[in-house]
Amino acid sequence: MIISLIVAASENNAIGKDNKLLWHLPNDMKFFKNTTWAMPVIMGRKTFDSLKKALPGRINIVITHQKDWKAEDAVIAKDLNDAMKKAEATHCKETFVIGGGEIFKQYLKVADKIYITRVHADLEGDTFFPIIDEKKWKLVSSDDFKKDEKHKYDYSFQLWEKK
């Protein structure tokens, strides 16, 4: 199974602040939905809580250490290995890790791909995506878009693959 990270991050790798996104980019939301549709998505509990509900059309796997935590329409995992076993049990070809910062950092070691919407701005955040080590990762595609009336920042859809 392919393990992919999917994230939107600023030039300084900020991905959020106060458990919220730093921007509203409709094309990024559409890209995220289309890319992850019908696949398992793995996230930490704080990320799930920020969503307010399970993402429709996907198997939501939430990693938490809280034994009594429950969520409607979510599969609960106690750690990364447990989450991977639950994702593999779906027999999907790809699993997407969607955050947050600590979950990304831990999965970066085992990931095969990174789908990153690079927001071309330096923004203040309290949660960050790890730095992509270009000795281990290769940029295989990048589509650039200019800011417009619906998108406050220039951005690029990038795909990175492990070397």
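I started with Trp-69 and looked up its burial: at 14% relative accessibility it counts as buried, because the cut-off for buried is under 20%. I'm working from a predicted model here.

Next I checked what Trp-69 pairs with. Its ring and that of Phe-48 have centres 5.6 Å apart and planes at 90°, so I logged the pair as edge-to-face. Phe-48 sits in helix α2 (residues 45-51), while Trp-69 is in the loop between β4 (59-63) and β5 (74-77), so the two are 21 residues apart. Phe-48 is buried too, at 6% relative accessibility.

Then I went through the other rings. I found eight aromatic pairs in the structure. One of them is Phe-31 with Tyr-115, a tilted pair at 6.3 Å centre to centre and 50° between the planes. Phe-31 belongs to helix α1 (residues 26-36) and Tyr-115 to strand β7 (residues 113-119), so this pair ties together parts 84 residues apart in sequence. Buried or partly exposed, I asked of Phe-31? Phe-31 comes out partly exposed at 25% relative accessibility, whereas Tyr-115 is buried at 13%. Both also belong to a cluster linked by ring pairs, along with Phe-96, Phe-145, Tyr-155 and Phe-157.

Last, I stepped back to the whole protein. I noted four helices and 10 strands, running β-β-α-β-α-β-β-α-β-α-β-β-β-β from the N terminus. The radius of gyration is 15 Å, close to the 15 Å from the globule rule for 163 residues, so the protein is as compact as a globular one of that length. Buried residues make up 47% of the 163. Of the contacts between residues at least 6 apart in sequence, 63% join residues at least 24 apart.

Technical notes. Residues numbered from 1 in each chain as written. Predicted model: local features only at pLDDT ≥ 70, side-chain atom pairs only at ≥ 80, totals over all residues. Heavy atoms only, no water. Rg over C-alpha atoms; globule rule 2.2 N^0.38 Å. Buried < 20%, exposed > 50% of the residue type's maximum accessible area, 1.4 Å probe, protein only. Contact = heavy atoms within 4.5 Å. Phe/Tyr/Trp six-rings, centres within 6.5 Å; stacked < 30°, edge-to-face > 60°.
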